[in-house]
Amino acid sequence: MSRQLPEFLPRGELTNMSRIRRLLLQCASIVFLAGTSNAQVAVKDGSARLREVLPADVAARVIERIADARAHQLPGDALENRALKFAANGVDPRSIERSINEQAQRMESARAALASGRGSVPAGDEIEAGAEAMRKGVDGAAVSLLAKDAPRDRSLAVPLFVIGSLTDRGLSADKALQSVLDRLKSRASDADLESLSSEVSSRNNSGQGRADGESGREFGQSHRPANSGRPATAGPPAGVPGNAGKKANNGNAHKPPPKK
């Protein structure tokens, strides 16, 4: 016995609805496959660039470490960009590999601290900012406390960046955390938070902090590790005399020759 169609729904309309459903399903499948394909192409392109700029053995290990980070839901793109930027700046390949390994470990610690404090899975930019703050000396307890005490509807990416930036300018981690928490509790905007760095820099600008004008939204552009460069005010590298090997000048270089 054939199934009777509802009298209020003509057979032609039912056929059209079926076609529309099939079309929508096909469109959704195309969008999903396109997104997956684009992600795979991006990963492949990044790996190819790393193989171009790093020695083969180092590139293989760095790519493997980044893939492992992605498999554990860590922001692998940030690690990839970090390695590429260091390579472009002429950092030694072994130092790049070490930096990527250390940053990936900090990301794992930051994710655990954020999840513990807030009770939810942190976003990739929050993990990245937390790792950067830890690189500057902020410990996991401070990151967890920020996640616990900050407003629940607030992204922690910029607050974490600002904490790291404040410690970079000479504040202790505890004072930096408290300063940011005070502003968060008063519902300060990201721009207001970022102004903290400028305020501290203007009071205590040692010349070794982060360059003014860099915002929290730019932290994702990987930074050089602390030991990969020297402040402009630093002396010569270890083992190199301050006068580059020349004889010491005791103040007599410009005196006239003694009278005979």
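**Exercise 1. The largest nonpolar core**

Task: In this predicted model, find how many residues the largest nonpolar core has and which of them have the most contacts inside it.

Solution: 
- The largest nonpolar core has 27 residues.
- Leu146, Val162 and Val180 have the most contacts inside this core.
- Two or more residues each come from helix 4 (93-118), helix 5 (124-135), helix 6 (140-149), helix 7 (157-168), helix 8 and helix 9 (190-203).
- Helix 7 gives the largest share, 6 residues.
- Leaving aside residues up to four places away in sequence, Leu146 touches Leu156, Pro159, Leu160, Ile163, Leu177, Val180, Leu181 and Leu184.
- Another core, of 21 residues, lies apart from the largest one; Val58, Val62, Ala83 and Ile100 are among its members.
- In soluble globular proteins, nonpolar side chains tend to be buried together.

**Exercise 2. The length and sides of helix 8**

Task: Work out what span helix 8 (residues 173-185) should have, and compare the distance between its end C-alpha atoms.

Solution: 
- Ala176, Leu177, Val180, Leu181 and Leu184 are the buried residues of helix 8.
- Just after helix 8, Arg187 takes a positive phi of about 60°.

**Exercise 3. An arginine in helix 2**

Task: Is Arg65 buried or exposed, and which residues does Arg65 touch beyond four places in sequence?

Solution: 
- Arg65 is found in helix 2 (residues 56-71).
- The relative accessible area of Arg65 is 16%.
- The cut-off for buried is under 20%, so Arg65 counts as buried.
- Beyond four places in sequence, Arg65 touches Ile100, Asn101, Ala104, Gln105 and Glu108.

**Exercise 4. Confidence along the chain**

Task: Find the average pLDDT of the protein chain and where pLDDT stays under 50.

Solution: 
- The protein chain averages a pLDDT of 76, and 60% of the residues score at least 70.
- Over residues 34-43 pLDDT stays under 50, and the model has 3 contacts beyond four places in sequence for this stretch.
- Residues 206-254 also have pLDDT below 50; the model gives this stretch 56 contacts beyond near neighbours in sequence.
- Where pLDDT is low, the predicted coordinates should not be read in detail.

Technical notes:
Residues are numbered from 1 along each chain as its sequence is written. This is a predicted model: local features need pLDDT of at least 70, side-chain atom pairs count only at pLDDT 80 or more; totals for chains, interfaces and linings use all residues. Side-chain values use heavy atoms; hydrogens and water are left out. Helices (H or I, at least four residues) and strands (E, at least two) are DSSP runs, numbered from the N terminus. Buried means under 20% relative accessible area, exposed over 50%, partly exposed in between (1.4 Å probe, protein chains only). Contact means heavy atoms within 4.5 Å. pLDDT is the predictor's confidence in each residue, from 0 to 100. The expected span of a helix is 1.5 Å times one less than its number of residues. A nonpolar core is a set of buried Ala, Val, Leu, Ile, Met, Phe, Trp, Tyr and Cys residues joined through side-chain atoms within 4.5 Å.
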